[in-house]
Amino acid sequence: MVKVDLSGAASFMDLNALDYAAAAAAHRSLLDGTGEGHEFTGWLELPRRMQEGELKQIINAAQRIRSRSRALVVVGIGGSYLGARGAIELLRPIPSENDPKIFFVGNGLSPDALSDVLLQLGDMDFDVNVISKSGTTLEPAVSFRIFRKLLKEKYGNAAKKHIFATTDSSRGVLKALADAEGWECFVVPDDVGGRYSVLSAVGLLPMAVAGIDVKAVINAAIKEFEALSLQSPDNPAWQYAAARQQLYRSGKTIEILGCYEPSFRFMAEWWKQLYGESEGKNGIGIYPASVEFTADLHSMGQYIQDGPRTLMETIVSFERPNVSCAVPFEMADADGLNYLAGRDLFDICATAREAVRAAHISGGVPNLGISVPARDEAGFAALVCFFELACAISGYMSGVNPFDQPGVEAYKKNMFKMLGKPGI
């Protein structure tokens, strides 16, 4: 289970005065379905629904793809790809020899980026997983048209067997296309918004193709949500939500999420969408940013230490490493590092983390700690469940609907009009 450490914020607020009553009310409204946007809270039951529903179909499809193709092209944007990419880069940063390569496209409009993917794909056998609730979002729709053409050129009439559509269960442009062409379909649940959908087929199919044990992910997620149902200030989701809201009210308007594992980068990108889209509305909201430590200590470290004091910092850590790596001894000690000889790099990194924490706190940056036992399927599932629940609670505490995103449509309307889309 996720653990939260608030001691790094103790000098910035009274930990005994956190508004757990508001956290409790927010949590109850989620569970009772009485809060704003309650029609999009299906993610609370999603792991159990997947276990009883589509999980077997997902695993079967992934096995077929793994047996015949050297690559899977995932077409999607925002919540349709960030969770899967975060999981794959966290748990499979280096694919094994038998794992297909996973390419993510449709998350931008750069011709150079798309060309780079095509060059890497070369003449590999590949499948496509297109992920879109409607099928009308421009970035993935354009990329899907391009890769659909490539599949037809490569496989002819058999191309339809290489396309998997994750979309609405009954309506929309993509669903209509899938039905007409005979593509295998998976469902984006009606009661789950994109940024909360990683534990559905949206995230699970690409993860399974990459070699991640999605059964273990779902089983761990079920247990984590059960643990997080605790109606008490001991609930780590309450602790995190209440602390960040209290810090926000004290002027800490920017939250930096950091981790000392480079493979966490796209988990941080997923977190930024989750919290940015859920809380940034009505003229309020904590701005979510991210850093990669220790690398960014040599670039952003100065700003964090001595810049404007509007920052709070949340550090994700894993309690044990997947491998050991000790510093070797050298007789000459020309580099002066023999004082570290025999010490494991994980322990050295933990010391660096504590040193940074102390420095940032002394510099006026409150520090929240989040930890899970290991960088594995269970740790990933725990972080997803924790961040989703804490986000919803925090959003309700701030007085916004954490399940809509009205501002996202503004740029789309302008873009479609400027591009000359009919009917706009």
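Helices here are DSSP runs of H or I with at least four residues, strands are E runs of at least two, and both are numbered from the N terminus. What you're looking at is a predicted model, where local features need pLDDT of at least 70, side-chain atom pairs count only at pLDDT 80 or more, and totals for chains, interfaces and linings use all residues. Residues are numbered from 1 along each chain as its sequence is written, and side-chain values use heavy atoms, leaving out hydrogens and water.

**Helices α1 and α14**
- Helix α1 (residues 20-32) packs against helix α14 (residues 377-398) at an angle of about 115°, and their axes are 9 Å apart. (Axes are lines fitted to C-alpha atoms, for helices over the stretch in contact, and angles run from 0 to 180 degrees between N-to-C directions.)
- That makes α1 and α14 roughly perpendicular, a label that covers 65 to 115 degrees.
- Residues in this contact (heavy atoms within 4.5 Å) include Ala22 and His27 of α1, plus Leu389 and Tyr396 of α14.

**Helices α4 and α8**
- α4 and helix α8 (residues 201-209) pack at an angle of about 35°, with axes 8 Å apart.
- On the α4 side, Ala84, Ala87 and Ile88 make the contact, while α8 brings Val202, Gly203, Pro206 and Met207.

**Around Ser96**
- You'll find Ser96 in the loop between α4 (82-91) and β3 (101-105).
- Ser96 is partly exposed, at 39% relative accessible area (buried is under 20%, exposed over 50%, partly exposed in between, using a 1.4 Å probe and protein chains only).
- Ser96 and Ala341 sit 245 residues apart in sequence and 31 Å apart in space, C-alpha to C-alpha.

Technical notes
Parallel < 35°, antiparallel > 145°, perpendicular 65-115°, else oblique.
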